[in-house]
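Here is a short report on one structure.

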Amino acid sequence: MSNRPVGTRQARELLRVAFGPSVVALVVIAAVVLLQLLIANSDMTGALGAIASMWLGVHQVPVSIGGRELGVMPLLPVMAMIWGTARTTAAATAPNSSWFVTRWVVASALGGPILIAAILLAVIHDAASVISELQTPSALRAFCSVLVVHAIGALIGVGSKVGRRALTTSRAGLPLPDWLPDAFRAATAGVLALFGLSGAVTALSLVVHWGTMHDLFAITDSLFGQLSLTLLSILYIPNVIVGASAIAVGSSAHVGLAAFSSFTVFGGDIPAVPVLAAVPTPPLGPIWVALLIVGAASAVAVGQQCARRPLPIGAATGKLLVASALAAVTMALAGFAGGGRLGNFGSVGVDQATFAPAVFLWFVGIGGLTVAMSGGLTRKPRPVAPPKPEPVAPQPESESEGEEEPEDDVVDEDDIEYVEPDPEPELEPDEPLVSWSAEEPATEEPAIEEPVFDEPVEYVDRYVEYDDVQETAHEPRPRRHEDLDDDPEDHFIVDDDATGDQPRRAGD
């Protein structure tokens with residue numbers, strides 16, 4: 001982590017977003033132009049004008065030289081510019097960034113290139129005063145092209161960080177459909193599948209037409225010329241792939257008067273660029289009709305992505321339609337960027353009237369069938385009705401309406417049942433009530449058996465005390481709990497019985 005202050009780090013990141021990709025592209029273009037002029041042993045008079053024109057050409061701004069317009073600009077540099085802008089904006093945006101910071105990042109991604117474009121337009125205008133063949137492009141077209149290219153890159157970069165959060169909840173507080181991010185993913189998968197499979201077909205066609213490509217390279221004998229043709233072919237490969245994509249979905253591509261589709265081919269003059277050897281030549285064989293498999297396979301990719309999360313038929317249809325529309329708009333934009341006017345050859349590009357609708361119909365038709373077969377449809381959950389309250393049975397009316405019911409129930413005393421409480425259990429103490437000294441340990445008191453007399457016994461007024469227990473003033477005789485309720489007279493004994501003498505007679 002950098003130890004710089006937060007304000008310094010943010011300013012540095014915004015400067016990188018604003019000028020990073022544009023300055024890198026400007027440096028690369030300058031190196032290529034200077035190398036070309038150096039190899040051609042030319043002076044550096046128009047170097048600045050050539051560098052500025054090529055930088056605007058990277059942003060799809062047409063270049064006019066000697067009255068001839070070069071409007072078909074290669075797609076590979078503009079794709080690299082979009083990727084660079086997306087990468088820098090994504091690096092400057094955190095997933096939890098506030099909308100204030102996000103707006104500043106997008107504004108920097110757009111403001112820096114616009115400033116550079118204004119400076120380069122001034123350079124071209126100054127160079128056109130010296131070089132009569134160089135013409136200043138339209139300022140409105142230049143600013144709009146630069147703005148669109150960097151806006152696409154900024155949206156891709158920022159959307160990769162905060163796109164899901166922005167799609168989940170709108171600014172008005174109304175929640176968008178949950179399947180909207182999945183629709184963007186399905187559209188991306190369809191475009192990449194169509195572009196990738198068309199690229200594979202283009203490479204296979206170059207191998208088939210290897211002899212034609214060799215003849216196009218042989219138009220120059222110098223190594224520098226062949227290297228230039230190779231570099232030019234590499235830059236225009238995405239343009240050829242877009243044309244192959246149009247043919248794969250049933251549309252057509254044209255280079256001047258020459259037109260190509262999966263069903264017919266009309267010949268004509270084409271530029272001497274080796275990569276254009278991949279175009280079909282008349283007569284058209286049945287193998288080119290098999291190119292429609294590419295469109296069907298791309299639609300299957302869209303359907304599989306839409307079926308990843310099964311939805312009811314209404315939501316699944318909406319997701320498929322949105323994904324197909326986004327893919328069609330993307331391919332139409334690529335077809336527009338990859339076409340234009342090419343000097344004396346005329347217009348180059350795809351048929352825009354049928355390209356986007358064909359992509360949409362392929363993705364909706366085959367994609368919808370794929371969704372249905374892949375288990376992407378579920379039944380709509382039935383709404384659960386609230387439980388109905390049970391009806392209450394009406395109470396029967398009393399037989400005699402005139403009789404008034406007593407307010408209080410009268411209870412007879414005969415009906416009251418008295419229950420005797422259970423006797424409380426007698427508790428025995430766990431420990432003696434009085435502790436004995438150590439000199440005279442406590443001994444258990446022998447049980448005194450109550451004498452049983454067969455004849456009535458006369459009691460006298462003489463009493464004796466217990467002989468077996470010595471009571472002291474400090475340590476009284478312990479009394480057991482069960483003796484508390486005894487009658488004291490039960491423990492009295494007569495004198496004669498204690499001494500063993502005979503009882504006195506009445507006369508004594």
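Helices (H or I, at least four residues) and strands (E, at least two) are DSSP runs, numbered from the N terminus. The model is predicted: local features need pLDDT of at least 70, side-chain atom pairs count only at pLDDT 80 or more, and totals for chains, interfaces and linings use all residues. Residues are numbered from 1 along each chain as its sequence is written, and side-chain values use heavy atoms, with hydrogens and water left out.

**Salt bridges**

Side chains of opposite charge can pair when their charged atoms come close. A salt bridge here is a side-chain nitrogen of Lys or Arg within 4 Å of a carboxyl oxygen of Asp or Glu. The structure holds 2 of them.

| Pair | Closest N and O atoms |
|---|---|
| Arg185 and Asp182 | 2.7 Å |
| Arg309 and Asp182 | 3.7 Å |

The Arg309 pair links distant parts of the chain, 127 residues apart. Arg309 sits in the loop between helix 10 (292-306) and strand 6 (311-312), while Asp182 is in helix 6. Salt bridges that share partners join Asp182, Arg185 and Arg309 into one network. Arg185 and Asp182 both belong to helix 6 (residues 180-208). They are 3 residues apart, about one turn of the helix.

How accessible are these residues? Buried means under 20% relative accessible area, exposed means over 50%, and partly exposed is in between (1.4 Å probe, protein chains only). Asp182 has a relative accessible area of 6%, so it is buried. Arg185 is partly exposed because its value is 32%. Arg309 has 48%, so it also counts as partly exposed.

**Nonpolar patch**

Leu34, Leu35, Leu38, Ile39, Met44 and Phe224 make a nonpolar surface patch of about 540 Å². Patches are made of residues with over 30% relative accessible area and no salt bridge; like charges are joined within 9 Å, and nonpolar side chains (Val, Leu, Ile, Met, Phe, Trp, Tyr) within 5 Å. Accessible areas come from the Shrake-Rupley method with a 1.4 Å probe; for residues, only the protein chains shown count as cover.

Helix 1 (residues 6-39) gives the largest share of the patch, 4 residues. Leu38 lies in this helix. Its relative accessibility is 56%, so Leu38 counts as exposed.

**Ser64**

Is Ser64 buried or exposed? Ser64 is buried because its relative accessible area is 18%. Its place is in strand 1 (residues 63-65). Contact means heavy atoms within 4.5 Å. Leaving aside neighbours within four places in sequence, Ser64 is in contact with Glu69, Glu133, Leu134 and Gln135.
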